[in-house]
There are 2 protein chains.
Amino acid sequence: MELADRTATWVLAETEAGRLTRGDYLEACLSRIAAREPEVKAWACLEADVARKAAAPGPLSGLPIGVKDVFDTADWPTGCGSPLYAGHRPGHDAAAVALARAAGCVLPGKTVTTEFAYFYPGPTANPHNPAHTPGGSSSGSAAAVGAGMVPFALGTQTAGSVIRPAAFCGVVGYKPTFGTISTFGVKQFGWSLDTVGVFARDLADAALLAEVLSGLPLRPRGDAGAPRIGLYRAARWSVASDPMTAALEAAAAAARAAGAQVAEVELPEACDALFDDQKLVMAYEGARALAHERRCHRDALSAPLLELTDAGAQADPGDYLQARVRTRAARTALGALFAEVDVLLTPPAAGAAPRGLNATGDPAFNRAWTLLGQPCVTLPAGRDSSGLPLGLQLVGGFDDDARLLAAATWLERVLAG
Amino acid sequence: MELADRTATWVLAETEAGRLTRGDYLEACLSRIAAREPEVKAWACLEADVARKAAAPGPLSGLPIGVKDVFDTADWPTGCGSPLYAGHRPGHDAAAVALARAAGCVLPGKTVTTEFAYFYPGPTANPHNPAHTPGGSSSGSAAAVGAGMVPFALGTQTAGSVIRPAAFCGVVGYKPTFGTISTFGVKQFGWSLDTVGVFARDLADAALLAEVLSGLPLRPRGDAGAPRIGLYRAARWSVASDPMTAALEAAAAAARAAGAQVAEVELPEACDALFDDQKLVMAYEGARALAHERRCHRDALSAPLLELTDAGAQADPGDYLQARVRTRAARTALGALFAEVDVLLTPPAAGAAPRGLNATGDPAFNRAWTLLGQPCVTLPAGRDSSGLPLGLQLVGGFDDDARLLAAATWLERVLAG
């Protein structure tokens, strides 16, 4: 395995043992960036020397990190994927960026985002096939990790912007429970939805970074044993591709063979409206969160963004309030389900990354979980016949991220072995 | 009554009827600012001509608004009450500011905040007695409305920063349900706590402004009739002053005499830990939300802020997670109480504004409601023997702001008559 494809956890162990320097690893990552960036276009701005010179002390000292270009940064411009913010310099770091830096991470630049983390795509291509989308909105972060440019990266999810691109790019994605990581300095879209998440090459690295950002103990300690898995053939199962459903069934079978309890589950009726409610909440809040841009710079916004936020500005506020009430009821109802199972196993997306760079795929399999605020992870699960990655999604109980990550780590080991 | 002391609702009706121009009202406000500002010091920055020239169309066209200096503004510096951000120009408006401007409001400047909306005070004095605090952290917004400088103002509440200063300054304060108004462009302290709220001279004005910011229908339509009031002698009742408890008892008696059902209530046991849990959540999240300042500019932070955030950085993450879980359980348990009563009546603070400008008073009567996210209003309720204002607090059900405002409007009328 090439050095740039190693995990941060491996690098930390090797440097601890004196067999590797952090500088050598950083150079391997920077070389990979130089080699792959012309095709992948993961970076909105990039300067290798900045990362070389920024080396700071800390447990993750010198490890390069990709930061989605909706996070404010003191040194790099923060463009938000919009011509409106080209060259914008907020003058300070977003909280998550400051915490990553305080642990020693270095930023070689910023990674491409769709326009304001909505649907209008940037130039990034899938690292496994440049004719296919990397997914979005955290396109550059997912692609950078998938291409071996950095061991981990920051993203955000408002509909499906961490879990889906992680699946498309063949990496681990982790969207913690809503409110686990500070959103300060992150361009807001939906204040009830926006969640800071991470991309990594494996779950140990994802948990390592998320611990730094949240302060919470997330890395599995000891062996939790085989989990109870609820196989959820989502409401939108019919739109899942054959390779996707086959990957899910195979994972369920492997888990069962390794000792997990696997039972098919349905969601409580209280969850029926979540898909449509997420769309409404996103439009309603987006229209208001982007009030400055809509008021002062309407001509600089893309047609899809204007369409969504215009609809949100006109939406019935009573419907929005009802959606909030239904969401809390659904979250409560799901609590009973998570007394029976440790995690749900369900698709992260309808299939592998669609062809074309003019769209980032459909967040149909993500909307409900984001609205609920439940923690989710993407686990890589092989490839389809064309060689594009497939992923699995595991969903955990609200504020029960450690249990989700322990179960996901167990399944990661089973699928690897 | 002088023109500057009129409500926005009155001004809108008079201008609609052709008996007044918005320009005349604005000049009255600007004259009041000129007369009172040397003593009250409500403004962090101020330039009357900017408000004169900014007049924009909209339902609130030309009405001046006070904006706490933790909201980003495109035209004014955003200093956050810290030398670190002196002269800082974010280049865009916070969402709430953009929405107020889109409705026609004009900003004569920015109002004083404590340091990062925590406890270290600015220079603002209470408009009713300059030897007393206006409360905080939204000190300037509350004082500006209390002094008749502007009809309404924006603030934020993380512990008690809207409800308490409103009471101290003799104005209406309204902290909506958590997540009702976008926090984009507001300096973050506790992402589970920070709530944008408003100050006004009466409830109609507060609801008018909050409708513009939230899109929700909040102004009482028709007469809801006498409400069911739960009189809550808070857990910290023993620290309430005699004038405070007398004002509360008098309001309860007046409400009862006017036909309201008034019953003493206790909070469910699930609420017992909320006071301490709010302190923990605020410290834990503050340490992370202010990660950039703590990492890069530690020497420029006040001792109280360092003490709190250092404690938060060291706090047990398991305790923080448990506080989150307990808070959700308490919110659910309170739902049953709000099936029995429309609102709770309870003190907004221990008494009138304390003497001295080196502290902003104690948020003991606010912490639990902020952590729960319940909507709260402050209603003015006369003065103590020294002439300082007293207030009442009404607390409503989560996402049931319209019912709270209807009940509060009923009580406002009863107390006025």
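**Figure 1. B:Phe116 lies in the loop between β3 and α5 of chain B.** The model shown here and in the other views is predicted. B:Phe116 has a positive phi of about 50°, although this residue is not a glycine. Most residues other than glycine have a negative phi. Is B:Phe116 buried or exposed? B:Phe116 is buried, because 26 other C-beta atoms lie within 10 Å, and the cut-off for a buried residue is 20 or more.

**Figure 2. A cis peptide bond joins B:Gly136 and B:Ser137.** Omega of this bond is about 5°. B:Ser137 is found in the loop that runs between β3 (109–111) and α5 (139–146) of chain B. B:Phe116 belongs to the loop between β3 and α5 of chain B as well. Chain A has a cis bond from A:Gly136 to A:Ser137, with omega near 5°. There, A:Ser137 sits in the loop between β3 (109–111) and α5 (139–146) of chain A. Most peptide bonds are trans.

**Figure 3. B:Lys41 takes a positive phi without being a glycine.** The angle is about 55°. B:Lys41 is placed in the loop between α2 (22–40) and β1 (43–46) of chain B. How many other C-beta atoms lie within 10 Å of B:Lys41? The count is 19, so B:Lys41 is partly exposed. B:Phe116, in contrast, is buried.

**Figure 4. Nine strands of chain B form an open sheet.** The strand order is β2-β4-β6-β5-β10-β11-β9-β7-β8, and the pairing is mixed. Which strands form the edges? They are β2 (65–67) and β8 (261–264) of chain B, each pairing on one side only. Neighbouring strands are turned by 25° against each other on average, direction ignored. Strands of a sheet pair through backbone hydrogen bonds, either parallel or antiparallel.

**Figure 5. Strand β10 (residues 376–383) of chain B is largely enclosed by the rest of the structure, because six of its eight residues are buried.** Strand β5 (residues 172–175) of chain B pairs with β10(B) in the antiparallel sense, over three bridges. In this view, B:Lys175 stands opposite B:Cys376 in β10(B). Strand β11 (residues 389–395) of chain B also pairs with β10(B) in the antiparallel sense, over six bridges. Here B:Val377 stands opposite B:Leu394 in β11(B). The hairpin of β10(B) and β11(B) has five residues between the strands. Within this hairpin, B:Gly387 takes a positive phi near 90°.

**Figure 6. Both faces of β11(B) are covered.** Why is β11(B) largely enclosed by the rest of the structure? Seven of the seven residues of β11(B) are buried. On one side are B:Pro389, B:Gly391, B:Gln393 and B:Val395. On the other are B:Leu390, B:Leu392 and B:Leu394. In a regular strand the side chains alternate between the two faces of the sheet.

**Figure 7. Strand β9 (residues 343–346) of chain B pairs with β7(B) in the parallel sense and runs antiparallel to β11(B).** Strand β7 covers residues 228–231 of chain B, and three bridges link β7(B) to β9(B). B:Leu231 stands opposite B:Leu345 in β9(B). Three bridges also join β9(B) to β11(B). Across that pairing, B:Leu345 stands opposite B:Leu394 in β11(B).

**Figure 8. The largest nonpolar core has 285 residues.** Which residues have the most contacts inside this core? They are A:Ala96, A:Phe152, A:Leu394, B:Ala96, B:Phe152 and B:Leu394. Leaving aside neighbours within four places in sequence, the contacts of A:Leu394 include A:Val343, A:Leu344 and A:Leu345. Also among them are A:Cys376, A:Val377 and A:Leu379. A:Leu404, A:Ala407 and A:Ala408 are contacts of A:Leu394 too.

**Figure 9. Chain B meets chain A, with 32 residues taken from each chain.** Elements giving two or more residues to the side of chain B are α4 (95–102), α9 (274–289), α10 (291–296) and α12 (317–340). This side divides into 14 nonpolar, 11 polar and seven charged residues.

**Figure 10. A rotation of 180° superposes chain B on chain A.** The shift along the axis is 0.0 Å and the RMSD is 0.0 Å. The two copies are therefore related as by a two-fold rotation axis. Which C-alpha of chain B is nearest the axis? That of B:Pro90 is, 3.1 Å from the axis. The same surface serves both copies, and 100% of the contact residues of chain B recur in chain A.

Note on methods
Residues numbered from 1 in each chain as written. Chains lettered and ligands numbered in written order. Predicted model: local features only at pLDDT ≥ 70, side-chain atom pairs only at ≥ 80, totals over all residues. Pairing = 2+ DSSP bridges. Helix = DSSP H or I, 4+ residues; strand = E, 2+ residues; numbered from the N terminus. Axes fitted to C-alpha atoms, helices over the stretch in contact; angles between N-to-C directions. Contact = placed C-beta atoms within 7 Å. Nonpolar A, V, L, I, M, F, W, Y, C, P; charged D, E, K, R; others polar. Core = buried A, V, L, I, M, F, W, Y, C linked by C-beta atoms within 7 Å. Buried ≥ 20, exposed ≤ 12 C-beta atoms within 10 Å, placed from the backbone. Least-squares fit on C-alpha atoms with pLDDT ≥ 70 in both.
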